[in-house]
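Please keep the sequence and the structure in view while reading.

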Amino acid sequence: MKDQLIVFDTTLRDGEQSPGASMTRDEKLRIARQLERMRVDVIEAGFPAASNGDFESVRAIAEAIKESTVCALARANEADVRRAGEAIKPAARGRIHTFIATSPIHMEMKLRMTPDQVVEQAVRAVGWAKEYTDDVEFSAEDAGRSEIDFLVRIFDAVIRAGAKTINVPDTVGYNVPDQYARTIRTLIERVPNSDKVIWSVHCHNDLGLAVANSLAAVMAGARQVECTLNGLGERAGNAALEELVMAVRTRQDVFPCDTRVDSTQIVPASKLVSGVTGFPVQPNKAIVGANAFAHESGIHQDGVLKHRETYEIMRAEDVGWTTNKLVLGKHSGRNAFRSRLHEIGIVVESEEHLNHAFARFKELADKKHEIFDEDLHALMSDEIVTPEQEHYRLVSSRFHSETGETPRADLTVSVDGQETRTSAEGSGPVDAAFKAIETFANSGTELLLYSVNAITTGTDAQGEVTVRLAKEGKVVNGQGADTDIIVASAKAYLNALNKLHGKFERLNPQI
């Protein structure tokens, strides 16, 4: 039998470190549930010591997830490790992932510690983690630029201290495949008791080699790959989960292992992460891009029509590219609506939320002839800020745009339940809408991103708008969806303001 390759997803931790990819607790829960549905082995839910919000998110995921292992990250210090331990306490299967830098430049310039001190601290951290769980992972940060003799020494020490998984990260994306594979192979050969642990890799994509390096490491003996959906992550991102899983799955003639991932859930998961973060997937992105299975060339089209495998090495259906059409309309009942949400991995927390979402669904059904699963994902993303959390809510709108005339927006917005009418002019109707909102919000935010995406095909498609706002170091994404793109834009802006309001209200309860 082939070995199992453990898939360790860090979308909710390393992925969230992408500038502007900050997620709310509820958004993280939705993604965690989709990862569990996809049968990901380990979900790195966050960095509990980073903030109270991160701690609460990790704890909520630990309570909700039953099948996957829930992991919390911690620096190799007692406060971090104990915070992580408390966060994963409710988990059916919990892991603490502790790390310390091991490269000469990091030890000298960042940690200002000697190699002996680094080894001692790593061993202590594993010991603290063992008080909470037997599933302890140790990472040597910047292992890709570390001295091999020192890696052998520190890994030997943490294995004797009780670490069960040893991670060898290429933290800055510096390695190339042959070199990285040689490092993994050497460590497995030289580290005492290397056969008693799982060897893991965590590769960044600074040189575009994250997936190639990870796969080379798997061939050299690694049996855990750390990755993110859509390759999300700091700087140029991480190794993309979808590419790793499908490379191993497609080339079973080469790889001595396989994953337990349900690949049909890959595309839905990719779309969910893209919608939550506001980071669109490029059309030619492998596996999950809109053009990944499209054929323009006449030669290719002819070949595929005659025999699919002439130009396709995977089936689109195997990764979740299906045309699931929701055959529901204005006459459909709440149970059918709830059932379809469940089928596509969306959990509605309460009857009140279901009723509110169902009302929105009926409004959409009046506007659109056909409703797709993508429409439901967008509708529910718009529902993330629940009715009781809505400081701002769009009540009605009117826009005027005419050649030779200055565009104008007239809005009625509910502010804490009190309706306010506002108007403004702008360079276009979207600009006018945002300026109208700011006449009463006076938010003091900076607009970092405005992005429009057609969710489905056709002129009646919903437009999904993402707005990224920043204020005092806090960055949030707001989403809005509507068949009217100007209305969607206003909704997205208000959605972002609601999230910011919630963040600052938690920080300053007197406001």
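A residue counts as buried when its relative accessible area is under 20%, as exposed when that area is over 50%, and as partly exposed in between. V276 has a relative accessible area of 1%, so it is buried. The model in which this value was computed is a predicted one.

## The chain as a whole

The chain contains 16 helices and 18 strands. Of its 511 residues, 54% count as buried. The accessible surface of the chain comes to about 22,500 Å². Carbon and sulfur atoms account for 49% of that surface. Contacts between residues at least 6 apart in sequence were also examined, and 66% of them join residues at least 24 apart.

## V276 and its surroundings

V276 belongs to helix α10, which covers residues 266–277. Which residues does V276 touch, not counting residues up to four places away in sequence? They are M23, E27, I31, N477 and Q479. V276 can also be placed relative to T466: the two are 190 residues apart along the chain, yet their C-alpha atoms are separated by 9.0 Å.

## Nonpolar cores

The largest nonpolar core has 94 residues. Within this core, the residues with the most contacts are M38, F138, I154, F155 and I166. Helix α6, residues 148–161, supplies the largest share of the core, namely eight residues.

F138 shows what such a position looks like in detail. When neighbours within four places in sequence are left aside, F138 is in contact with T98, F99, I100, A122, I154, F155, V158, A163, T165, I166 and N167.

There is also a second, separate core, made of 27 residues. Among them are V430, V467, Y493 and L500.

## Cysteines

A disulfide is a covalent bond between the sulfur atoms of two cysteines. How many disulfides does a search of the whole structure find? The search finds zero. Two of the cysteines can be described by their accessibility. C71 has a relative accessible area of 0% and is buried. C227 is buried as well, at 1% relative accessibility.

## Salt bridges

The count of salt bridges comes to 32.

| Salt bridge | N to O distance |
|---|---|
| K28 and E16 | 3.0 Å |
| D410 and R408 | 3.3 Å |
| D482 and K491 | 3.1 Å |

Are K28 and E16 buried or exposed? Both residues are buried.

The other two pairs include residues with contrasting labels. R408 has a relative accessible area of 33%, so it is partly exposed. D482 counts as buried because its relative accessibility is 6%.

## A nonpolar patch on the surface

Some nonpolar residues are found on the surface. L447, Y450 and V452 form a nonpolar patch there, and together they have about 250 Å² of accessible area. L447 is part of strand β16, which runs over residues 446–454. With 41% relative accessibility, L447 counts as partly exposed.

## Residues with positive phi

Two residues remain to be described by a backbone angle. N230 has a positive phi of about 65 degrees, although it is not a glycine. D416 is likewise a residue other than glycine, and its phi is near 50 degrees, a positive value.

D416 is in the loop between β14 (408–415) and β15 (418–425).

D416 counts as exposed, because its relative accessibility is 54%.

Definitions and conventions:
Residues numbered from 1 in each chain as written. Predicted model: local features only at pLDDT ≥ 70, side-chain atom pairs only at ≥ 80, totals over all residues. Heavy atoms only, no water. Core = buried A, V, L, I, M, F, W, Y, C linked by side-chain atoms within 4.5 Å. Buried < 20%, exposed > 50% of the residue type's maximum accessible area, 1.4 Å probe, protein only. Helix = DSSP H or I, 4+ residues; strand = E, 2+ residues; numbered from the N terminus. Contact = heavy atoms within 4.5 Å. Disulfide = S-S within 2.5 Å. Patch = residues over 30% accessible without salt bridge, like charges linked within 9 Å, V, L, I, M, F, W, Y side chains within 5 Å. Areas by Shrake-Rupley, 256 points an atom, 1.4 Å probe, with all protein chains shown as cover. Salt bridge = Lys/Arg side-chain N within 4 Å of Asp/Glu carboxyl O.
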